[in-house]
Amino acid sequence: QVQLVESGGGLVQPGGSLRLSCAPSGIVFGIFTMAWYRQAPEKQRELVASIERSGNTNYADSIKGRFIISRDNAKNTVYLQMTSLEPEDTAVYYCKAVGYSGNEYWGQGTQVTVSS
């Protein structure tokens, strides 16, 4: 019954930056892992970055050094600061949250387009 809402997507030029945000639409408890996935047209959804409640992070090799994932535990909000964006980063970015119970929650996705 929990819904995640992403925001911050848009159109940027190569080399530009965007900051994505994701937060539940209502009150949610016990979120362990929050993550960002992306899916390009005709491609499978892939993990971009994840962050545990403790702050431990994991990044896809393709974006290491360019993206930073962070979270505000009090707000159950996760962020993805994206810099040095490339056309290959163009995709719909989805937010995911996993509760301690194992329940998974997904956002509706936000479009990121990197093009000149």
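Predicted model: local features only at pLDDT ≥ 70, side-chain atom pairs only at ≥ 80, totals over all residues.
Is K96 buried or exposed? K96 is buried, with a relative accessible area of 11%. In the model, the largest nonpolar core has 29 residues, and four strands form an open sheet. The salt bridges come to four, and the aromatic pairs come to two.

**The nonpolar core**

- In soluble globular proteins, nonpolar side chains tend to be buried together.
- The largest nonpolar core of this model comprises 29 residues, and W36, L80, M82 and Y93 have the most contacts inside it.
- Seven strands are named as suppliers of at least two core residues each: β3 (18–24), β4 (31–39), β5 (46–52), β7 (67–72), β8 (77–82), β9 (91–99) and β11 (110–114).
- Strand β9 provides the largest share of this core, namely four residues.
- Apart from neighbours within four places in sequence, the contacts of Y93 include L20, W36, R38, L80 and M82.
- Y93 also touches residues such as E6, F67, T110 and V112, again with neighbours within four places left aside.

**The open sheet**

- Strands of a sheet pair through backbone hydrogen bonds, either parallel or antiparallel.
- Here the strand order is β1-β3-β8-β7, and the pairing is antiparallel.
- Strands β1 (4–7) and β7 lie at the edges, as each of them pairs on one side only.
- On average, neighbouring strands of this sheet are turned by 15 degrees against each other, direction ignored.
- The antiparallel pairing of β3 and β8 runs over five bridges.
- L20 has L80 of β8 as its bridge partner, while S21 stands opposite Y79 in β8.
- Strand β8 is largely enclosed by the rest of the structure, because five of its six residues are buried.

**The hairpin and N76**

- The hairpin of β7 and β8 has four residues between the strands.
- N76 is located in the loop between β7 and β8, where this residue takes a positive phi near 55 degrees.
- N76 has a relative accessible area of 10%, so it counts as buried.
- With neighbours within four places in sequence left aside, N76 is in contact with C22, A23, P24, V28, I31, M34 and R53.

**Salt bridges**

- Side chains of opposite charge can pair when their charged atoms come close.
- R38 forms a salt bridge with E46, and the closest N and O atoms are 2.8 Å apart.
- R38 is buried at 7% relative accessibility, whereas E46 is partly exposed at 36%.
- R38 also forms a salt bridge with D89, with the closest N and O atoms 2.9 Å apart.
- The pair of R38 and D89 links distant parts of the chain: R38 belongs to strand β4 and D89 to the loop between β8 and β9, 51 residues apart.
- D89 has a relative accessible area of 1%, so it counts as buried.
- K96 forms a salt bridge with E104, the closest N and O atoms being 3.5 Å apart.
- In this pair K96 is buried, whereas E104 is partly exposed, with a relative accessible area of 46%.
- Through shared partners, salt bridges join R38, E46, R66 and D89 into one network.

**Aromatic pairs**

- A pair of aromatic rings is described by the distance of the centres and the angle of the planes.
- The model has two aromatic pairs.
- F32 and Y100 form a tilted pair, with 5.3 Å from centre to centre and 40 degrees between the planes.
- This pair links distant parts of the chain, as F32 lies in strand β4 and Y100 in the loop between β9 and β10 (104–106), 68 residues apart.
- F32 is partly exposed at 31% relative accessible area, whereas Y100 is exposed at 54%.
- Y37 and W106 form a tilted pair as well, with 5.0 Å from centre to centre and 55 degrees between the planes.
- Y37 lies in strand β4 and W106 in strand β10, and the pair links distant parts of the chain, 69 residues apart.
- Y37 is buried, with a relative accessible area of 16%, and W106 is partly exposed at 30%.

Notes: Residues numbered from 1 in each chain as written. Heavy atoms only, no water. Core = buried A, V, L, I, M, F, W, Y, C linked by side-chain atoms within 4.5 Å. Buried < 20%, exposed > 50% of the residue type's maximum accessible area, 1.4 Å probe, protein only. Contact = heavy atoms within 4.5 Å. Pairing = 2+ DSSP bridges. Axes fitted to C-alpha atoms, helices over the stretch in contact; angles between N-to-C directions. Salt bridge = Lys/Arg side-chain N within 4 Å of Asp/Glu carboxyl O. Phe/Tyr/Trp six-rings, centres within 6.5 Å; stacked < 30°, edge-to-face > 60°.
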